[in-house]
Amino acid sequence: LAPWVPVVGLEIHAQISSNSKLFSGSQVQFAAPPNSLVSFFDASLPGTLPVLNRRCVEAAVMTGLALNCSINKKCLFDRKHYFYADLPAGYQITQQRVPIAVNGNLSYSLCIGNKMSQMVTRTVRIKQIQLEQDSGKSLHDDTRSQTLVDLNRAGVGLMEVVMEPDMCCGEEAAAAVRELQLILQTLGSSQAVMAEGQLRVDANVSVHHPGEPYGVRTEVKNINSIRYLAKAVDYEIQRQIEELENGGTILNETRAFDSKLGCTVPMRDKEGKQDYRFMPEPNLPPLILYDAKSLPANMNHQQVVNIDWIHERLPDLPSVKRAKLVEQYGILPEHSFILLNEDGLTEFFENVVRQTQMMPRKVIGWILNDLLSYLKQHSLTVKESPVSSSLLADLLNLLEKKEISAAAAKQVLAELWKGEGKTPLEIVKEKKLELIQDLKELEQICQAVIDGHENEVIMMVLG
Amino acid sequence: PESRVHLQVSSALKEGQITPTELCQRCLALIKSTKFLNAYITVAEETALKQAEESEKRYSKGQPLGVLDGIPIAVKDNFNTAGIETTCASNMLKGYISPYNATVVQKLLDQGAVLLGKTNLDEFAMGSGSTDGVFGPVRNPWSYSRQYKEKSLSKSHSEDEESNWVITGGSSGGSAAAVSSFTCFAALGSDTGGSTRNPAAHCGVVGLKPTYGLISRHGLIPLVNSMDVPGILTRCVDDAAVVLGSLAGHDPKDSTTIQDNFKPFELPDLTDVSKLSIGIPKEYHAPGLSGEILALWSKAADLFKNAGAKVTDVSLPHTRYSIVCYHVLCTAEVASNMARFDGLEYGHRSDMNKSTESMYAATRREGFNDVVRGRILSGNYFLLKQNYENYFIKAQKVRRLIANDFLKVFRSGVDILLTPTTLSDAAPYMEFIKEDNRTRSAQDDILTQAANMAGLPAINVPAALSERGLPIGLQFIGRSFQEKQLLTVAKWFEKQVKFPMIQLEEVKRLDPGVFQHQQSASFS
């Protein structure tokens, strides 16, 4: 059987972290009472007009720069028309002709190999980033045959990040999205929490034989976590391969991921393909962005966005942070990867390092092998850890000063997890785990053991 | 700056010759006695009297807010007015009470103007007759003028007055009729293809279309966002300048308004037109232009020439494509703008509830008239992916050519263009409705709509009465944001032609001197 080449692209919608919406002044807030954050414009009251939110533009520029995109100095807004209960105006304002940023790339890392010990770096091209409005939410109440519409989310700013089909499997897709998530959180342009709907991912999947043109692709939606993303993509790849090997064909359709069943299912069919009748948004002039060179001398500072100014103020991106950690602490790249991957873990690690004499590359073992595995086992976040960085530092200091053995330290740690408020020293004393340094004492103990096991000694001497 | 000109009604108010309440009451009474005109959809009697009362308090303290304080005005029913019904003359918005005021409405109220009510129009401003709204057609007050009746008597048979009345033109017919019949001193209209200038011409009033981007559209329910402007209807050019001064300027709520600071201006009394260059665009000698109007246009050109102005023939070669171009762009934007009317958040909602889609369909069928639905269908057709390039993009390009025509002419040294406003005087209603809305719009918009394409300011000035005793107006088109020059020339012309006052029985019956003298027809 000829091999199959799976091809995966992603469309990611990241909710912009801002006080107010993209084109109106109403507040952006998660889980507010229904329809309590809706301005006249959001409700599409006739005669209302969009006014562009500067913060949203800055967020998109930051994100574009972090993803190595070209920022378009002039970009345009368009209307995308369709009828749906959660789209009050009957159209969404988006950027179809000329989006704010294009042609970037994102590098991400994967652990491969038998023991997941080898780290490789992959790159995915970013086709574009566009600004657009989020829709409201509809809740279908089938028992009463009604739909409940909440417009709190209608009009919230989104950045749609389009990743080219450079990925080949669920793992790559998940890793790319994870890296994007970290970048967005570092920039502060989006909080990117998938569970709160701040990051939504749709996957485009197809398969083909090497050397042949790309196959028909399907779009997979309703993916609610990064873990499910990997599952959904891998399932869809398998499904397509099986379908094609059985002589079937792939339909260019939209499918939903069913997390309970772990499979993708066709979504409710819309008769024929949608024609969105794109049209320029007449109420928004072209958005002009400036850089240091093009900025006119007497321009009102409030009225312009300066790309260079934003570039100068970008924080260290995750890749830079990781490199710095490796250099500063002498840890391995794989270690820094995991450190950044867990919310708050880097800070925890650095706090421990600061409070102990133990070498960072020894500390890292305790962080990744002991602390982290315990947290994972109990589904806790770093913030929820019953063992604080100071406590761990204290423990590691005891170990470093050779007052206890490594085995003893692990025992103490086990006690600390119980969170009973005892210090490491107290536990050591309690359990008599102190390392004995006195040679004479050690000799006595060994002699006592030998004396207590005469038979065994004789067996050993006889060979 | 304080106006040098003696403001008639304003000074009457200032000097206590008449109080705002009296003025308001008289206008309300006149509205009642001219109810047959059907110019008003909603009369906001209570709130108007309250506003008049407030105004009176200010005058008694000697602290009027400005020239507009206490002045009764009317607003076309496609502007949002908080607490007062806004219907757009459509079933879709019958009973709709907006929670906010359009910026222009707010500005007028902030100046102390008294809002008498909302005026009638073609449904959603689509039309050139003010005949296609759900509240019925508006009647041109001149139908009942002595001037018109005298001319009709000479006709062979005596027809019932009822069926002889003429249209106001549209779509801001209600506002034009309201100003023409003296029920208010100024009215807001809207202008997308001529909807302020056309009824102004037919009703014998001044109709100003400002430069696109000068006045905020926030709160004006849009027809074509890229062409709409709020229009100003008054009885004289000076009044239009005053209203313009109170409305123009950047609005942060409307991103298409220009940022530059606008300085309200006083209109100079132009005496010397020798430095003026008037252009006469030959393409405006359009097919169907009545001999009467052609002659009047020629006379007007001579008027300028004889006064020393430079009058030249110019060409705007792409004029003949403007109707078709307008049709494509207008319907496309209409299809888009009307998409929000789905019955969910506000407005009419059908009882049909089998599914969301069926509810949408029924709501929109019940809420919109044929004209609106026709334009939506056309517009959606032009916006389809397979048609977009050939229709919408092409029309945008043609629009650019039309705009460039004007630029070229203005660059060649011409200051103002002089053209007719309409092809003929107002048609009798029974004649007008023989053709459908689309046909009529295409015919009637031809002289006005290129100015909307190019975003230029334009004004109708009543020039003379036709053989039938009905008003004919002429149009001046100016350069972008050069309203001062445009209105200065218009004012000079107005002074020369001395257009007669309407002889309306109902107006005469309202005793006061305020209404009887030509000068008192204005407030400024």
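Which residue in β6(B) does Val206(B) stand opposite?

Modeller: In this predicted model, Val206(B) stands opposite Thr234(B) of β6(B). Val206(B) belongs to strand β5, residues 206-209 of chain B. From this strand Val206(B) and Leu208(B) point one way, while Gly207(B) and Lys209(B) point the other way. All of these residues are buried, Lys209(B) included.

β5(B) has pairing partners on record here as follows. Strand β6, residues 229-234 of chain B, is antiparallel to β5(B), and three bridges join them. Strand β10, residues 458-465 of chain B, also pairs with β5(B) in the antiparallel sense, again over three bridges.

As for the contact between the chains, 41 residues of chain B touch 30 residues of chain A. Together the two chains bury about 2700 Å², with 57% of that area on carbon and sulfur atoms. On the chain B side, at least two residues each come from α11 (322-337), α12 (356-367), α13 (370-383) and α14 (385-411). α14(B) gives the most, with five residues. By class, the side of chain B that touches chain A comprises 19 nonpolar, 13 polar and nine charged residues.

How values were computed. Residues are numbered from 1 along each chain as its sequence is written. Chains are lettered from A and ligands numbered from 1 in the order in which they are written. This is a predicted model: local features need pLDDT of at least 70, side-chain atom pairs count only at pLDDT 80 or more; totals for chains, interfaces and linings use all residues. Side-chain values use heavy atoms; hydrogens and water are left out. Contact means heavy atoms within 4.5 Å. Buried area is the accessible area (1.4 Å probe) that two parts lose on being put together, summed over both. Helices (H or I, at least four residues) and strands (E, at least two) are DSSP runs, numbered from the N terminus. Ala, Val, Leu, Ile, Met, Phe, Trp, Tyr, Cys and Pro count as nonpolar, Asp, Glu, Lys and Arg as charged, and the others, Gly among them, as polar. Buried means under 20% relative accessible area, exposed over 50%, partly exposed in between (1.4 Å probe, protein chains only). Two strands pair if DSSP finds at least two bridges between them.
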